Amino acid sequence: FYLFFSAFFESRGRMRSHISGVKTRDFKTFSEPLFVWHGEDIGYKGFAAPEVIRLGEKYIMTYNSWGDRIGKFNQLFYAEST
């Protein structure tokens with residue numbers, strides 16, 4: 001199973017929202033994070049609320065930016081994977 005979630009923890013000196021993913025076979029043990037995205041590198045305070053759907057042969061994860069900054073209002077994003 002692949003699990004995707006919001007995670008709030010301190011990063012780069014401040015509390016921020018991240019999205020991350022792990023995999024598990026038994027819901028007792030989990031992989032290291034497959035990724036941790038926070039959005040700081042493109043000017044956002046954080047990312048949150050991932051949701052995954054399957055569309056044909058692709059998986060699409062939608063998520064949103066979190067925490068308005070001047071000129072960087074909350075936005076919707078997506079990522080695709082086969």
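S1 and S2 run antiparallel and are joined by 10 bridges. Two strands count as paired if DSSP finds at least two bridges between them. The model is predicted: local features need pLDDT of at least 70, side-chain atom pairs count only at pLDDT 80 or more, and totals for chains, interfaces and linings use all residues. Residues are numbered from 1 along each chain as its sequence is written, and side-chain values use heavy atoms, with hydrogens and water left out.

**Overall make-up**

- The protein has six strands and zero helices. Both kinds of element are DSSP runs numbered from the N terminus: helices are H or I with at least four residues, strands are E with at least two.
- From the N terminus, the order of elements is β-β-β-β-β-β.
- The C-alpha trace spans about 40 × 30 × 15 Å along its principal axes.
- Of the 82 residues, 29% count as buried. Buried means under 20% relative accessible area, exposed means over 50%, and partly exposed lies in between (1.4 Å probe, protein chains only).
- Among contacts with a separation of 6 or more, 33% come from residues 24 or more positions apart. A contact means heavy atoms within 4.5 Å.

**Surface and charge**

- The accessible surface comes to about 5,900 Å², and 56% of this surface belongs to carbon and sulfur atoms. Areas come from the Shrake-Rupley method with a 1.4 Å probe; for residues, only the protein chains shown count as cover.
- There are 11 positive and 9 negative charges, and their mean positions are 2 Å apart. Lys and Arg count as positive, Asp and Glu as negative; His and the chain ends are not counted. Each charge is placed at NZ of Lys, CZ of Arg, CG of Asp or CD of Glu.

**Sheet S1-S2-S3**

- This open sheet has three strands in the order S1-S2-S3, with antiparallel pairing.
- Strand S1 (2–11) and strand S3 (35–37) are the edge strands, each pairing on one side only.
- Neighbouring strands here are turned by 25° against each other on average, direction ignored. Axes are lines fitted to C-alpha atoms (for helices, over the stretch in contact), and angles run from 0 to 180 degrees between N-to-C directions.
- S1 and S2 form a hairpin with two residues between them. Arg12 in the turn has a positive phi of about 55°.
- Strand S2 (residues 14–23) pairs with S3 in the antiparallel sense over three bridges.
- Seven of the 10 residues of S2 are buried, so the strand is mostly covered.
- Ile19 in S2 stands opposite Ser6 and also opposite Trp37 in S3.
- Gly21 has Phe35 in S3 as its bridge partner.

**Sheet S4-S5-S6**

- Three strands form this open sheet in the order S4-S5-S6, and the pairing is antiparallel.
- Its edge strands are strand S4 (47–55) and strand S6 (76–81), each pairing on one side only.
- S4 and strand S5 (residues 58–65) run antiparallel, joined by seven bridges.
- Phe47 stands opposite Ser65 in S5.

- Most residues other than glycine have a negative phi.
- Phe27 is not a glycine, yet has a positive phi of about 60°. Phe27 lies in the loop between S2 and S3. Phe27 is partly exposed, at a relative accessible area of 45%.
- Ala49 also has a positive phi, near 60°. Ala49 sits in strand S4. Ala49 counts as partly exposed, at 44% relative accessibility.
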